[in-house]
Amino acid sequence: KPIFDFEETPNYYDISRVVNYAFALKAKETFNDQERLRLLRDRALILTLADSGLEVGLACRLRICDIDRKSNRLWIVNEGIKTSVHVTPKVLETIFEYLSARQDIDKSFSRSSAFLPVFAQHRAGQKGQVLALSSRSVGLIVSKRASEALGAEHDGTVSPKSFRHYAVASLLQPLTALHPKIVKRSKSYFENGQYDDAIFNAMKA
């Protein structure tokens, strides 16, 4: 039996439905450029959270220069320590598709887009700098897209933290091939809700 059972992950099926819905956001009909950007952003954001297990605050602080396309990794500073998390090429593709769609906006505010946030605000009539999403904004985005995917009766059942739990369970699923001490330590982190420690412990292996 797998050490980390997907079936025991809270809201597993709901999260899976939201992830599948996010993949399909690109095809959703839109009526203006801002809405198009929000669809591409929300798609990339949700898939990144579900794939990487990033804490919301770290996702909000991601800059374009933190993306390592060659190794499919996102570089972050977690509690003063620089490290990275892996994302699949398919998810990375959704990030760059979003960034490509907003490149004209980025160029109008900065000569170099490298230090601009990966996930930016797109408000009607917005002027000035390219601003990063806040943790609260991410929560609202997740709630909105989850309600669209699952129905209003499921409002509040999926949060950004739900994606962390989902991502960590996915990452740690094959741990049976690792040394028993690594398995035990990662499982302990996981069960105590120390998701970052669980991820980094497994990646070191």
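Me: What counts as a helix or a strand here, and which pattern does the protein chain follow along the sequence?
Reply: Helices are DSSP runs of H or I with at least four residues, and strands are runs of E with at least two, numbered from the N terminus. The model is predicted. Its protein chain holds nine helices and three strands. Read along the sequence, the pattern is α-α-α-β-β-β-α-α-α-α-α-α.

Me: Are helices α1 and α6 roughly parallel or roughly perpendicular to each other?
Reply: Helix α1 spans residues 12–24 and helix α6 spans residues 135–150. Their axes lie 9 Å apart, at an angle of about 100°. Angles of 65 to 115 degrees count as roughly perpendicular. The two helices, α1 and α6, are therefore roughly perpendicular.

Me: How many nonpolar, polar and charged residues are in the contact of α1 with α6?
Reply: From α1, the residues taking part are Asp14, Arg17, Val18 and Tyr21. They meet Arg145, Ala146, Glu148, Ala149 and Leu150 of α6. By class, this contact of α1 with α6 has four charged, no polar and five nonpolar residues.

Me: Is Glu35 buried or exposed?
Reply: Glu35 is part of helix α2, residues 33–52. Leaving out residues up to four places away in sequence, Glu35 touches Thr30 and Arg145. The cut-off for buried is under 20% relative accessible area. Glu35 has 18% relative accessibility, so the residue counts as buried.

Me: Which residues is Leu37 in contact with, leaving aside its neighbours within four places in sequence?
Reply: Leu37 also sits in helix α2. At 5% relative accessibility, Leu37 counts as buried. Its contacts, with neighbours within four places in sequence set aside, are Tyr98, Ala101, Arg102, Ile105 and His122.

Me: What separates the C-alpha atoms of Leu37 and Lys26?
Reply: Leu37 and Lys26 are eleven residues apart along the chain. The separation of their C-alpha atoms is 9.7 Å.

Me: Which residue lies over the face of Phe23, and how many aromatic pairs does the structure hold?
Reply: The structure holds zero aromatic pairs.

Me: Among contacts between residues at least 6 apart in sequence, what share joins residues at least 24 apart?
Reply: The protein chain has 205 residues, and buried residues make up 45% of them. Of the contacts between residues at least 6 apart in sequence, the share joining residues at least 24 apart is 62%.

How values were computed. Residues numbered from 1 in each chain as written. Predicted model: local features only at pLDDT ≥ 70, side-chain atom pairs only at ≥ 80, totals over all residues. Heavy atoms only, no water. Axes fitted to C-alpha atoms, helices over the stretch in contact; angles between N-to-C directions. Parallel < 35°, antiparallel > 145°, perpendicular 65-115°, else oblique. Contact = heavy atoms within 4.5 Å. Nonpolar A, V, L, I, M, F, W, Y, C, P; charged D, E, K, R; others polar. Phe/Tyr/Trp six-rings, centres within 6.5 Å; stacked < 30°, edge-to-face > 60°. Buried < 20%, exposed > 50% of the residue type's maximum accessible area, 1.4 Å probe, protein only.
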